Amino acid sequence: MLNIAVLDDDESFVDELRENLKAFFGSKGMEFNFIRFTDGAAFLSKYKPIYDIVFMDICMPYMSGLETARRLREIDDDVMLIFISRMAGYSINGYDVSAFDFIVKPMDYASFALKMERTIPVLKRKSGYKFMIGGGDSLKVLDSKDIYYVEVFTHDIVFHTADGSFHSRNSLKNINSILEKYDFVHAHRCYLVNLRHVKAITSDSVVCGNETIKIGRTYKKSLLAAIANYYNQ
C-alpha cells in the first residue's frame, strides 16, 4: 500500500490527479492512500516520514512549494518529490531539493503514465525486502533498508544493523540474488554493502553505517561505479 500526499489548492486538478493515479496504479495491481493538503505549513506542521510520493504545487498560498520542499528535505531526504506547475520553466528549481520529476498543468494522461512508470522500480527498491530470522519461539523480521551490510561465514549469513547483528543459515549467493534488486553490491567476496548506508570510501575500506569494512581489490571499481549510479538516479 503506497502513501501519497498532494499539496495543491486547485481542487479540480487534485481530483484529476487522483483519478489518473487510480488508473495507473490500478493497472499495476497496486493500492494507495491519497491525502491532500492545501498549503505547505499545514503539511509540515505534523509531518511524519510515512509518504512514498509527495506531489507539490510550486505556487501555493502562505508558503511556496519551493520553500516547503526545502524544509521537507531537512526532515526527510528520502521521500519521492514530484513538482507541479503551469510553467515548465520552474522545473530547473527541482534540482536544489532532489525532485524526482515535474508535471506541467494541464496534465496529459499519456505523459503522466510515462512519468509514473519511472517511479515503479524506485518505489520497489525503497519498499525493501523482509527477512524472517530465527524460528520457534524467537522470530525477528528484518527489513533490508535497515541492513548496513551482509557478511558470510561458510554457510552462515550475518546481517549487520544499527540494532545489532543477526545470524541466518544461508549462502551469500542466494542472499545476493535477493538483495541486488535493493541496492546491495559486493565490496568483498565476503561482504555485500547497502549503498544507502555507505558514508565514505578510502583506498582499502568502506564506511557503512557505523562500521568500517575492507574492500576487496577486485571490487573497488564496481563499488565506486555503483555508488555514483545510486546518487545520480
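Predicted model: local features only at pLDDT ≥ 70, side-chain atom pairs only at ≥ 80, totals over all residues.
**Entry 1: Asp-10.** I then checked where Asp-10 sits: the loop that runs between strand E1 (2-7) and helix H1 (11-27). Its side chain makes a polar contact of 2.8 Å with the side chain of Ser-12. Next I set aside the neighbours within four places in sequence and listed what Asp-10 still contacts: Arg-36, Arg-86 and Lys-105.

**Entry 2: the cores.** How many residues does the largest nonpolar core have? I found 24. Ile-4, Leu-17, Leu-21, Phe-25 and Phe-55 have the most contacts inside it. I noted that at least two residues of this core come from each of E1, H1, strand E2 (32-37), strand E3 (53-57), strand E4 (80-85) and helix H4 (109-127). I picked Leu-17 and left out residues up to four places away in sequence; Leu-17 then touches Val-6, Phe-34, Phe-55, Met-107 and Phe-112. There is also a second, separate core of 20 residues, with Phe-37, Met-56, Ala-69 and Leu-72 among them.

**Entry 3: the surface.** Which residues form a nonpolar patch on the surface? I found Met-132, Leu-139 and Val-141, which together have about 330 Å² of accessible area. I looked at Met-132 in turn and found it in strand E6 (residues 130-135). Exposed means over 50%; Met-132 has 62% relative accessibility, so I wrote Met-132 down as exposed.

Definitions and conventions
Residues numbered from 1 in each chain as written. Heavy atoms only, no water. Helix = DSSP H or I, 4+ residues; strand = E, 2+ residues; numbered from the N terminus. Polar contact = N/O pair within 3.5 Å; in protein donor to acceptor, adjacent residues only side chain to side chain. Contact = heavy atoms within 4.5 Å. Core = buried A, V, L, I, M, F, W, Y, C linked by side-chain atoms within 4.5 Å. Buried < 20%, exposed > 50% of the residue type's maximum accessible area, 1.4 Å probe, protein only. Patch = residues over 30% accessible without salt bridge, like charges linked within 9 Å, V, L, I, M, F, W, Y side chains within 5 Å. Areas by Shrake-Rupley, 256 points an atom, 1.4 Å probe, with all protein chains shown as cover. Salt bridge = Lys/Arg side-chain N within 4 Å of Asp/Glu carboxyl O.
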